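This briefing goes through one protein chain by topic. Look at the sequence and the structure first, then read the points below.

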Amino acid sequence: MKASTKATAERITKKATKRVTKRIDSTWEKELQGLILEWYEKHAREFMWREYADSQKHFIPQPYLVLLSEVMLQQTQTSRIQEKLPEFYRTFPSIERLSQATNAEIIKAWEGLGYNSRALRLRDCAKAVVERFSGVIPSEYEELLSLPGIGTYTASALVAFAFHKDIAIVDVNIRRVYSRISSQLDTTADAMPEADCTAFAERIYPRGKASAWHQAVMDIGALFCTARAPKCSLCPLQGMCASAHQLREVERVKKQEPTFEGKPNRIWRGRIVQILRGVEASEWYSGEQLYNQLFSASLFTTTPREQWLLEILRTLEREAIVEIQPDNRQRASQMIEHNRAQTPFSEDTSGKDALQAASFLTPLPQKDDSVFSLVLRLAS
Ligand code: SF4
């Protein structure tokens with residue numbers, strides 16, 4: 001193929017895919033590493049879980065705090081964690097104390113952080129660290145991965161941030177920045193294929209500086225290279241980025257999630273747990289009260305609401321977030337009514353005889369299929 005024809009063909013290909021890969025070689029890599037680490041020296045965000053030892057900002061790793069923050073960061077915004085972590089840390093100042101927390105205790109302390117099952121997994125992780133590693137958080141990736149609630153990202157984040165060992169980390173922020181700097185993308189929704197990103201991540205991080213490097217890329221992803229509206233004109237990487245000032249903003253397709261009466265079930269679950277946080281450990285909350293709290297604006301009950309609420313409660317029970325029992329007081333009074341109707345000889349108005357006679361009579365039908373026949377509280 002003649003040179004000019006080849007150039008035309010390349011142009012056409014580039015236009016068709018609209019994706020130009022940046023020329024990445026060791027010079028480019030070194031320049032990028034220098035730029036990012038230098039920026040981080042001056043502008044790193046300061047968090048409770050990033051404690052500094054000296055004016056050069058050399059980290060003192062605190063594995064327990066890193067573990068708490070990383071589990072919290074899985075689905076909650078950084079600003080919320082900054083607010084909540086100090087209080088949580090005061091309540092559970094050590095991994096031993098955390099390992100002893102009851103379900104109700106940790107769910108109460110988790111208030112405002114969402115996705116309560118994460119709190120239970122964190123406690124289970126603490127238990128495993130105490131039982132299997134004598135209370136010392138392991139520093140090896142495979143050992144970390146063997147702990148409950150620790151996935152590949154959290155394990156690698158702990159290896160790098162808590163123990164300053166070399167490892168490549170990829171999370172959603174890092175993938176976004178890597179995708180954009182290395183290829184000219186069209187829209188804010190585009191990203192490089194996962195396998196390419198893994199290979200790039202492994203190659204690009206400066207050995208011996210995995211902690212600072214990944215924290216820096218995450219900061220740049222959070223401050224400038226945001227998902228919806230990247231701030232390229234402020235970004236320290238704009239001179240080296242293949243996608244700088246090129247990205248067309250597009251609406252992301254929102255993930256479908258189950259809803260009821262226009263609200264995601266996730267929000268309803270949060271409200272239920274929030275109501276139960278106010279219940280003392282020795283007390284029970286009735287299903288009827290809960291129903292009335294949730295649907296306070298309504299004057300009537302509906303079967304779909306009852307059935308839906310019962311389903312949500314049963315799921316929370318399976319996840320060990322909520323404990324449910326039949327409402328015994330209600331069952332006792334139902335039993336009295338039921339047996340009175342079947343014991344014409346009884347004149348006892350207290351219902352005592354009826355209760356005594358109950359053992360000889362047809363058992364009261366189970367009514368656990370109604371939310372009104374239950375009492376509940378946070379799981380102990
Ligand atoms: S220049 Fe723009 S697209 Fe590139 S990394 Fe910075 S914010 Fe992201």
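The model is predicted. The chain contains 17 helices and seven strands, and of its 380 residues, 27% count as buried.

**Helix H9**

- Helix H9 spans residues 152-162 and is mostly covered, with nine of its eleven residues buried.
- The buried residues are Thr154, Ala155, Ser156, Ala157, Leu158, Val159, Ala160, Phe161 and Ala162.
- What do the buried residues of H9 pack against? They pack against H3, helix H8 (141-145) and helix H12 (210-223).

**Positive phi values**

- Most residues other than glycine have a negative phi.
- His245 has a positive phi, near 60°, and is a residue other than glycine.
- His245 sits in the loop between H12 and strand S3 (259-260).
- Is His245 buried or exposed? His245 has 10 other C-beta atoms within 10 Å, so it is exposed; the cut-off for exposed is 12 or fewer.
- Ala320 also has a positive phi, near 65°.
- Ala320 lies in the loop between helix H15 (303-318) and strand S6 (322-326).
- Ala320 counts as partly exposed because it has 16 C-beta neighbours inside 10 Å; a residue needs 20 or more to be buried.

**Helices H3 and H4**

- Two packed helices are described by the angle between their axes and the distance between the axes.
- Helix H3 (residues 63-73) packs with helix H4 (residues 78-91) at an angle of about 135°, and their axes are 10 Å apart.
- H3 and H4 are therefore oblique to each other, since angles count as roughly antiparallel when over 145 degrees and as roughly perpendicular from 65 to 115.
- The crossing in which H3 passes H4 is right-handed.
- On the H3 side, the residues in contact are Leu65, Leu68, Ser69, Met72 and Leu73. On the H4 side, they are Thr78, Ile81, Leu85, Phe88 and Tyr89.
- The residues of this contact of H3 with H4 comprise eight nonpolar, two polar and no charged.

**Helices H2 and H12**

- Helix H2 (residues 26-43) packs with H12 at an angle of about 80°, and the axes of the two are 9 Å apart.
- H2 and H12 are therefore roughly perpendicular to each other, a term that covers angles of 65 to 115 degrees.
- H2 brings Ile36, Leu37, Trp39 and Tyr40 to the contact. H12 brings Ala212, Trp213, Gln215, Ala216, Val217 and Asp219.
- By class, the contact of H2 with H12 has eight nonpolar residues, one polar and one charged.

**Around the ligand**

- Which residues come nearest to the ligand? Of the 15 residues around the ligand, the nearest are Cys225, Cys232, Cys235, Cys241 and Ala244.
- The shell around the ligand has eleven nonpolar, two polar and two charged residues.

**Contacts along the chain**

- Among contacts in the chain with a separation of 6 or more, 64% are between residues 24 or more positions apart.

Methods
Residues are numbered from 1 along each chain as its sequence is written. This is a predicted model: local features need pLDDT of at least 70, side-chain atom pairs count only at pLDDT 80 or more; totals for chains, interfaces and linings use all residues. Axes are lines fitted to C-alpha atoms, for helices over the stretch in contact, and angles run from 0 to 180 degrees between N-to-C directions. Helices (H or I, at least four residues) and strands (E, at least two) are DSSP runs, numbered from the N terminus. Angles under 35 degrees count as roughly parallel, over 145 as roughly antiparallel, 65 to 115 as roughly perpendicular and the rest as oblique. A crossing is left-handed if the near helix is turned anticlockwise from the far one by less than a right angle, and right-handed if clockwise. Two residues are in contact if their C-beta atoms, placed from the backbone, lie within 7 Å. Ala, Val, Leu, Ile, Met, Phe, Trp, Tyr, Cys and Pro count as nonpolar, Asp, Glu, Lys and Arg as charged, and the others, Gly among them, as polar. A residue is near a molecule or strand if its C-beta atom, placed from the backbone, lies within 6 Å of it.
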